[in-house]
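This briefing is meant for a reader who is meeting the structure for the first time. Please keep the sequence and the model in view while reading, and follow the topics in the order in which they are set out.

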Amino acid sequence: MQVILHTGVHCTDDDRLLKGLLRNAEAWRHEGVAIPGPSKYRTLLTEALNKLRGGIPEPGTRDLLLDAILQEDSGQISRLVLSNDNFFSVPKLMFQNGYIYHRAEERLTSFMQAFEGDEVQLFMGLRDPASFLPAAFAATPHKTFAGFMEGVNPMRFRWSDLIRRIKGAQPDLPVVLWCNEDTPFLWGQIIRELAGIKLNRKITGAFDLYSQIISREGMQRFRAFLKENPTITESQKRRVMMAFLDKYALDEAMEEELDLDGWDGPYVDMLTELYEDDLEVISAMEGVRLLTP
């Protein structure tokens with residue numbers, strides 16, 4: 001079985017990706033693709049992984065988990081898609097021990113041991129630290145940003161460090177990444193990649209995120225263009241999306257409010273520049289795919 005694990009990160013899609021998958025789940029079920037609802041597995045997996053803590057699971061653990069997660073016989077399923085942005089940590093403990101998701105390696109190891117023999121793949125969206133760190137802080141009960149960061153300097157924060165740790169612990173684990181800033185353009189592809197279906201296949205909700213950042217007139221004109229040009233490629237479609245967005249963008253949907261002491265324009269710009277450099281590092285990593293528009 002292919003087991004697809006989507007682990008957020010926090011403050012990226014806010015479960016909209018799972019909702020998009022569930023909207024299409026019935027259409028894919030007869031093809032052996034299972035998209036269970038989160039209540040079927042999130043608490044269950046968290047408790048199981050906390051109990052294992054990197055140790056060897058008891059015989060039959062996989063079958064017990066699948067029986068609880070799936071409505072149908074697991075023998076009918078070839079691809080299982082699970083999504084949980086709290087898989088590595090809850091937001092308030094994100095920087096516990098002084099670095100991002102300090103239990104990531106342990107939890108992934110436990111998960112892969114529980115599903116030993118299956119083909120596990122990791123999917124994860126990343127986000128510019130200039131907006132990610134304030135948003136993550138706001139999602140916690142921490143009173144101060146310094147308390148939330150636990151000594152981590154935002155200027156030294158790199159997503160590549162997390163990916164390097166993951167690949168160091170699980171070198172054979174395929175990792176698929178994308179940037180949260182690109183998700184309006186990649187949304188349909190991300191959903192299709194998670195489900196393991198052809199990238200040109202029609203799905204429900206392929207433009208859900210795009211429709212939230214473009215005016216109603218712009219969206220109507222974009223859909224009319226697609227109807228008139230049904231054979232354009234995905235890359236051509238994305239260029240058209242960017243062109244329409246240049247003209248019809250909703251400014252209020254594109255802007256992000258940052259309210260942290262000392263985070264002036266140059267500071268934020270530097271964080272973004274470091275993030276873009278970090279993406280170059282990540283894209284060159286073996287066993288890692290970075291999806292781009």
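How much space lies in the largest pocket? The model is a predicted one, and in this model the largest pocket holds about 620 Å³ of space. Elsewhere the structure has an open sheet of six strands, and a search of the whole structure finds two cavities of 30 Å³ or more.

**The sheet**

- The six strands of the open sheet follow the order β2-β3-β1-β4-β5-β6, and their pairing is parallel.
- The edges of this sheet are formed by β2 (33–34) and β6 (288–291), each of which pairs on one side only.
- Strand β1 (residues 2–6) and strand β4 (residues 119–126) run parallel and are joined by five bridges; within this pairing, Leu 5 has Leu 122 of β4 as its bridge partner.
- In general, the strands of a sheet pair through backbone hydrogen bonds, in either a parallel or an antiparallel manner.

**Helices across the sheet**

- Helix α7 (residues 159–169) lies across β4, β5 (175–179) and β6, and it runs at about 175° to β4.
- Helix α8 (residues 183–195) lies across β1, β2, β3 (79–83), β4, β5 and β6, and its direction is at about 140° to β6.

**The crossing of α2 and α4**

- The axes of helix α2 (residues 42–52) and helix α4 (residues 104–114) come within 9 Å and cross at roughly 105°, and α2 and α4 are therefore roughly perpendicular to each other.
- On the α2 side the contact is made by Leu 45, Thr 46, Leu 49, Asn 50 and Leu 52, while α4 contributes Arg 107, Ser 110 and Phe 111.
- Sorted by class, the residues of this contact between α2 and α4 are four nonpolar, three polar and one charged.

- The largest pocket is lined by 20 residues, of which Asn 180, Glu 181, Pro 184, Ala 253 and Glu 256 are the closest to its centre.
- Both α8 and α11 (251–254) supply at least two residues of that lining, with α8 giving the most, namely three residues.
- The lining of the largest pocket comprises eight nonpolar, five polar and seven charged residues.
- The second largest pocket contains about 420 Å³ of space, and among its 17 lining residues Arg 192, Lys 202, Phe 207, Leu 226 and Lys 237 lie nearest its centre.
- The elements that give two or more residues to the lining of the second largest pocket are α9 (216–228) and α10 (234–248), and by class this lining divides into six nonpolar, five polar and six charged residues.

**The cavities**

- About 80 Å³ of space lies in the largest cavity, which is lined by Pro 184, Phe 185, Gly 188, Gln 189, Arg 192, Ala 206, Phe 207, Glu 234, Lys 237, Arg 238 and Met 241.
- Helices α8 and α10 each supply at least two residues of the lining of the largest cavity, and the largest share, five residues, comes from α8.
- By class, the lining of the largest cavity has five nonpolar, two polar and four charged residues.
- Two or more residues of the lining of the second largest cavity come from each of α2 and β3, and α2 provides the largest share, with four residues.
- The lining of the second largest cavity is made up of six nonpolar, three polar and two charged residues.

**The loop between β1 and α1**

- Val 9 lies in the loop between β1 and α1 (16–29), and a cis peptide bond with an omega of about 10° joins Gly 8 and Val 9.
- Asp 15 is found in the loop between β1 and α1, and although Asp 15 is not a glycine, its phi is positive, at about 70°.

Terms used. Residues numbered from 1 in each chain as written. Predicted model: local features only at pLDDT ≥ 70, side-chain atom pairs only at ≥ 80, totals over all residues. Heavy atoms only, no water. Axes fitted to C-alpha atoms, helices over the stretch in contact; angles between N-to-C directions. Parallel < 35°, antiparallel > 145°, perpendicular 65-115°, else oblique. Contact = heavy atoms within 4.5 Å. Nonpolar A, V, L, I, M, F, W, Y, C, P; charged D, E, K, R; others polar. Pairing = 2+ DSSP bridges. 1 Å grid on protein atoms, 1.4 Å probe; cavity = no way out; pocket = protein on both sides within 12 Å on 5 of 7 lines; lining within 4 Å. Points joined across faces, edges and corners; volume = space filled by probe spheres on them.
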